[in-house]
Amino acid sequence: MGRSTGSWDESDIRIRPNKKGSRPRTKDRPSYDDAVTGRIITVDRGRYTAVVGEDSGNERTVIAARARELRRSPVVAGDFVSLVGDVSGAPDTLARLVRIQDRRTLLRRSADDTDPIERAVVANADQLVVVVAAANPEPRTGFIDRALVAAYDAGIEPLLLVTKADVKDPTELLSNYRHLDFPVIISRTADAAASGIDARSDDGLSARLDSDAVSQLRAHLNGKVTVMLGHSGVGKSTMVNALTGAERATGGVNAVTGRGRHTSSSALALRISDAPAGSWIIDTPGIRSFGLAHVDPDRILHSFPDLEPGTDACERGCKHDSSAINCGVDAWVAEGHAGASGAARLASLRRLLGTDPRMEVQEAKELGIVS
């Protein structure tokens, strides 16, 4: 005979098992005291390649998968990470990436100037080499200015590399940056007849590089982690190959469209040949967009040190953009304090401070970055 309802207790209640397991949740996380440190050199479809035991007799390359608790944390080339599990680096083994270590620097971008979501590009870089061609594709000061802002914002030292200087004299381009204190390297191909345009379907940038330019650049890279940034077709990967002995795919500029071909599909850190320990260069894919939505307008202004002193004469609350009235920067430029290129520099600053997204899209189309 069944028990009366008044005599039931908790032992009579049947509990359905939890499909995800019966262990209680806890906020405590393992300490991973046995974890080893690795430097991320590339990321590909959820797999992270790291160098472990760098510059030791037990150096090896380890492939890892990211732990579930890190699934919302971006891991990029240049990151130092903690790895557990099988860290032997043997074929067909997979370690687990459990921690992203503190970053010294982080180069970031947004998809465009209206996108509030920032994207990590490269971690722990010491300097940024902005690569532009003097022609084919035509250089854009807007791209250079954006890269400089991103570098200064990240605490990374910039350097400008101008390729194909035998195709077009870059003097006019460089006049925009005469007042700024960063190195500029000019590269010419050994073939004086080079056009910079690839009329064929194969590599049109394989002409011998200017050995002086390679040597000058190498001197700036020794003992540092450097990221290379530029549009497709400017010779970025060609220079990386010369510095590292790697065989990164290179591509020219289409003779019909004038657009660079995308060859690098992911960022890759490579050691610089015959250089001191810690000398790495990170080749990035040809950049498609470089938004600055994540950068505070005041920090953008700091990236124009040739113009910033003019703000001392501004009224309180001046935004220094195209809508500003009695902006002190106008007088600063008019009086020649920013040099002959001051007006162009001010126009660039104001584009960055109050960018019309339609202008950015149009410029990208002209460059062949988007269709």
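Colleague: At the start of α3, how far does a side-chain oxygen of Asp210 reach to the backbone nitrogen of Asp212?
Modeller: Bear in mind that this is a predicted model, where local features need pLDDT of at least 70, side-chain atom pairs count only at pLDDT 80 or more, and totals for chains, interfaces and linings use all residues. Residues are numbered from 1 along each chain as its sequence is written, and side-chain values use heavy atoms, with hydrogens and water left out. A polar contact here is a pair of N or O atoms within 3.5 Å; within protein, one must be able to donate a hydrogen and the other to accept it, and residues adjacent in sequence count only if both atoms are side-chain atoms. At the start of α3, the Asp210 side-chain oxygen comes to the Asp212 backbone nitrogen within 2.9 Å.

Colleague: Within what arc do the buried residues of α3 fall, seen down its axis?
Modeller: Helices (H or I, at least four residues) and strands (E, at least two) are DSSP runs, numbered from the N terminus, and buried means under 20% relative accessible area, exposed over 50%, partly exposed in between (1.4 Å probe, protein chains only). In α3, residues 211-221, the buried ones are Ala213, Val214, Leu217 and Leu221. Taking the directions from the helix axis to the C-beta atoms, they line one face of the helix, because they fall within an arc of 100 degrees.

Colleague: And which exposed residues does the face turned away from the buried side of α3 carry?
Modeller: The buried side has a cover that includes β8 (127-133), β9 (157-163), β10 (184-186), β11 (225-230), α4 (236-244) and β13 (280-283). After the helix comes Gly223, with a positive phi near 75 degrees. The face pointing away from the buried side has the exposed residues Ser211, Asp212 and Ala219.

Colleague: What about β11: which strand does it join through four bridges?
Modeller: Two strands pair if DSSP finds at least two bridges between them. β11 pairs with β8 in the parallel sense over five bridges, with Val129 opposite Met228 of β11. On the other pairing, Val225 stands opposite Trp280, and the strand that runs parallel to β11 over four bridges is β13.

Colleague: What is the relative accessible area of Thr226?
Modeller: Thr226 sits in strand β11, where six of the six residues are buried. Both faces are covered, with Val225, Val227 and Leu229 on one side and Thr226, Met228 and Gly230 on the other. Not counting residues up to four places away in sequence, Thr226 touches Gln127, Val129, Leu221, Trp280, Ile281 and Ile282. Thr226 counts as buried because its relative accessible area is 0%.

Colleague: Which helices do the buried residues of α7 pack against?
Modeller: Helix α7 covers residues 342-353, and its end C-alpha atoms are 16 Å apart, which agrees with the 16 Å that its twelve residues should span. The buried ones are Gly342, Arg345, Leu346, Ser348, Leu349, Arg350 and Leu352. They pack against α1, α5 (297-302) and α6 (328-334).

Definitions and conventions
Contact means heavy atoms within 4.5 Å. The expected span of a helix is 1.5 Å times one less than its number of residues.
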